[in-house]
Amino acid sequence: MVLLLNILILCSVVLISLSLLPVIMQKIQSWQYKKETAVAKEMDKMFYDKSPKNIVMLYFILPLIFGAGGYILLKSPIFIVFGALIGAAIPNFILKTRYNLRIRKFNDQLLDAVSMLSSCIKGGLSLLQGLEVLFEEMPAPMSQELGLVVRENKMGIPLEECLNRLNKKMNIDELGLVINAILVARETGGELPKVFSRLTVTIRDNRKLKESVKTLTLQGRMQGVIMSFLPIVFVAWVFSVNKHHFDIMFNSDLGRMLLIIAVILQAVGMILIRKFSTIQI
């Protein structure tokens, strides 16, 4: 009788799972489509010509790999969740890192672009013709972004709106300063070469100030990094000396709860230390 009841329960579970499977697959496909659309938009911003499906597949693969790796290495079901969360966060981290590197490279090219644009205007070219020269002569990502501005203008979009789109997309203070100066000079009839000359001096002075601040705050930032990773290094050293040192924590509900709280507090502490050691100019 008990065996028959177990078989009936098993069959019921299987039938319910089979009936819910199409709904679950539909939800997964819907989420995958939305995620691919969002990732494609982010990749278009970076002129990244790879397929967004490759990035979206990482959202499925990496949580499984890191979850299984966490359980195999640390022998605790809790680390399945932590590993899965870390795996799910890695694709976003990859995209954000790639975007930040692109923004940094664009900012590094900005001063040369302003100097070249000033030379083009002094040589008798218009602002749009100068942007076309930058598009042809400058390396990526500057050439890609300015090429987009030129193409949008040729499609009928006013140059002012194209530049405002670029400013909103890149979100760089120095670029905003350059674009606002260009727009004001076009409205008031100012001489762009003089404006660019002053902008070049301003940008250089601003960068020198930022470098000075970084140098003066280097010791505090290094202390923050050391204090952030010191607990992690200590735990790794204890594990290397005695693998069973934390068994009492893993084998009790109170210990596991304390470990979770410790990890959360450690993450919060690292964020706060980074915030306190960062000075905005």
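Cys-162 is buried, at 1% relative accessibility. The model in which this residue sits is a predicted one. A disulfide is a covalent bond between the sulfur atoms of two cysteines. A search of the whole structure for such bonds finds 0 disulfides.

Ionic pairs, by contrast, are present: the structure holds 9 salt bridges. One of them joins Arg-186 to Glu-160, with the closest N and O atoms 3.0 Å apart. Arg-186 belongs to helix α7 (residues 173-188) and Glu-160 to helix α6 (residues 159-170), so this pair ties together parts that are 26 residues apart in sequence. Both partners are partly exposed: Arg-186 has a relative accessibility of 40%, and Glu-160 one of 31%.

A further salt bridge is set within a single helix. Arg-256 pairs with Asp-253, their closest N and O atoms being 2.5 Å apart. Both residues lie in helix α11 (residues 253-276), where they are 3 residues apart, about one turn of the helix. An α-helix has 3.6 residues a turn, so residues three or four places apart point the same way. Arg-256 is partly exposed at 24% relative accessibility, whereas Asp-253 is exposed, with a relative accessible area of 60%.

Lys-194 forms a salt bridge with Glu-191, and here the closest N and O atoms are 3.7 Å apart. Glu-191 counts as partly exposed, at 49% relative accessibility. Elsewhere, Arg-102, Glu-145 and Lys-169 are linked in a network of salt bridges.

The helices also show how residues are placed between interior and surface. In helix α4 (residues 127-137), the buried residues are Leu-127, Gly-130, Leu-131 and Leu-134. Viewed down the axis of α4, these buried residues fall within an arc of 100°, and they therefore line one face of the helix. Helix α8 (residues 192-216) contains Thr-200, which is buried, with a relative accessible area of 10%. Apart from neighbours within four places in sequence, Thr-200 is in contact with Leu-111, Val-114 and Ser-115.

Tyr-71, Ile-72, Leu-73, Ile-80, Val-81 and Leu-85 make a nonpolar surface patch of about 630 Å². The elements that contribute two or more residues to this patch are α2 (52-74) and α3 (78-122). Among the patch residues is Val-81, which lies in helix α3. Val-81 is exposed, its relative accessible area being 51%.

Technical notes
Residues numbered from 1 in each chain as written. Predicted model: local features only at pLDDT ≥ 70, side-chain atom pairs only at ≥ 80, totals over all residues. Heavy atoms only, no water. Patch = residues over 30% accessible without salt bridge, like charges linked within 9 Å, V, L, I, M, F, W, Y side chains within 5 Å. Areas by Shrake-Rupley, 256 points an atom, 1.4 Å probe, with all protein chains shown as cover. Salt bridge = Lys/Arg side-chain N within 4 Å of Asp/Glu carboxyl O. Helix = DSSP H or I, 4+ residues; strand = E, 2+ residues; numbered from the N terminus. Buried < 20%, exposed > 50% of the residue type's maximum accessible area, 1.4 Å probe, protein only. Contact = heavy atoms within 4.5 Å. Arc of directions from axis to C-beta. Disulfide = S-S within 2.5 Å.
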